[in-house]
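Dear colleague,

Please find below the structure we discussed handing over to you.

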Amino acid sequence: MGEVEKHGLHRDLKERHIRLIGLGTCIGVGLFLGSSAAIKLAGPAVMLAYLIAGLFIYVVMRALGEMCVHNPVAGSFSRYAHDYLGPMAGFITGWNYWFLWIVTCLAEITAVAIYMGVWFPTVDPWIWAISSLFVMTAINLLSVKVFGEFEFWFSLIKVVTIIGLIVVGLGMIIFGIGNSGQPLGISNLWSHGGFMPHGIFGVLLAFQMVTFAYGGIEIIGLTAGEAKNPKETIPQAIRSVPWRILLFYVGAIFVILSIYPWNAEGTGSPFVSTFEALGIKSAAGIINFVVITAALSSCNGGIYSTGRMLMNLTDQKQAPKFFGKTTKHGVPRRALLLTLVMLFLGVLLNYLAPAKVFIWLTAIAATGNITTWILILLAQIRFRRGLSKAEADASEFKMPGWPLTSYATLGFMFFVLGIMTYVEETRFCVMAGLGWLVYLAVVYWTLYRKKSNALAKVPN
């Protein structure tokens with residue numbers, strides 16, 4: 001009774017919501033914990049890897065932004081792949097992204113359980129996993145405005161933590177604050193085997209890990225269907241991507257490696273080591289709190305993404321119609337409840353099933369983001385080719401350097417996949433990911449091809 005037709009999304013995401021969602025999505029557990037592995041591969045030159053990969057990710061976001069401003073819909077890149085590459089591309093993009101976030105949310109929930117165990121070792125981990133799952137789903141079920149508000153504060157915690165690290169760290173580096181007044185300087189960047197201790201090959205190997213750290217940033221595009229003024233807020237959020245990369249990734253790693261030698265980093269968070277070097281003895285507790293917040297933020301955004309993506313797939317006749325309804329508050333309740341069920345089953349499997357099941361799932365998801373970015377670029381290339389010169393000139397958010405930037409970024413994405421295929425530890429990820437895409441293509445061809453093609457022939 002309380003549900004309306006599927007086009008009932010509300011444009012309740014404010015400018016500050018979009019800005020902080022855009023800010024927070026590229027600051028996650030991958031930076032706070034995963035950066036240590038990238039540092040070991042490339043040394044201080046990992047900053048180059050973050051910078052170069054970040055610039056290519058910015059091009060992906062500009063490609064997405066150009067299409068979002070032209071047609072701001074909730075399905076975002078799945079809809080664009082459908083419209084510009086064909087129904088099968090839309091199907092694969094949507095379901096691949098849905099599955100990617102199901103597995104990612106499961107990993108984030110598991111991370112919350114592990115890190116809560118640091119403070120409450122006697123509590124069974126599954127209690128924290130189930131609790132965080134239900135809380136994040138409840139937030140999403142209330143309204144998109146509530147989701148935006150929670151994501152705003154989650155993101156703010158991460159942002160304040162990194163800015164605090166950079167400001168205090170620069171105080172030690174330049175003025176010797178906390179170091180008896182002796183400026184620490186930046187000699188650690190080249191004093192332990194040079195700036196590029198493992199050569200250019202080390203930097204190339206780091207690309208795969210660095211690129212994954214930016215995963216989730218494309219959620220900005222999914223907010224287009226619920227932003228109050230998408231033609232202004234989406235470009236503003238995307239334009240801020242370069243300085244975010246410089247400040248929160250390159251800036252934070254610069255401070256960390258200036259204070260703490262790269263070859264002294266352990267397997268834990270380099271943020272903990274740096275805060276401790278700054279004399280903050282409760283560093284582990286602070287970072288534990290921030291990592292939990294980052295994991296909950298990622299889970300919150302992932303549940304949001306799965307609901308909107310599934311809703312869009314029903315609109316394209318590529319998912320059961322049952323999931324394409326919204327409540328009177330503009331929430332795709334049925335789609336979100338499916339996500340809840342899937343994640344609940346995933347939590348149970350996580351504690352009952354053999355570890356190999358999850359190796360397969362995470363391997364498939366590992367290539368999911370790069371696949372999504374490649375499809376975004378391909379859709380944008382077809383989109384631009386379909387515009388007349390007058391239409392392209394009138395575009396409100398044109399891709400800079402088109403078409404060179406789009407093709408160069410496409411090449412970079414395939415290059416990263418090539419590195420992953422070359423490295424034995426990640427080769428399985430690529431193979432499993434390709435197998436998953438083939439499976440989706442078979443499902444589309446056997447179950448949804450006729451419906452999708454019939455829809456495509458209906459005039460707008």
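A salt bridge is counted here where a side-chain nitrogen of Lys or Arg lies within 4 Å of a carboxyl oxygen of Asp or Glu. Please bear in mind that the model is predicted. By that criterion, the structure holds 2 salt bridges.

One of them joins R384 to E66, with 2.8 Å between the closest N and O atoms. This pair links distant parts of the chain, since R384 belongs to helix α17 (residues 368-385) and E66 to helix α4 (residues 46-70), 318 residues apart. Both R384 and E66 are buried.

In the other, the side chains of D315 and R79 meet at an N to O distance of 2.5 Å. R79 is buried, its relative accessible area being 16%.

I now turn to the cysteines. A search of the whole structure returned 0 disulfides. What keeps C299 from such a bond? The closest cysteine sulfur to that of C299 is in C105, at 4.3 Å, which is too far for a bond; a disulfide requires the two sulfur atoms to be within 2.5 Å. C299 is also buried, with a relative accessible area of 2%. C68 is likewise buried, with a relative accessible area of 2%.

With kind regards

Methods
Residues are numbered from 1 along each chain as its sequence is written. This is a predicted model: local features need pLDDT of at least 70, side-chain atom pairs count only at pLDDT 80 or more; totals for chains, interfaces and linings use all residues. Side-chain values use heavy atoms; hydrogens and water are left out. Buried means under 20% relative accessible area, exposed over 50%, partly exposed in between (1.4 Å probe, protein chains only). Helices (H or I, at least four residues) and strands (E, at least two) are DSSP runs, numbered from the N terminus.
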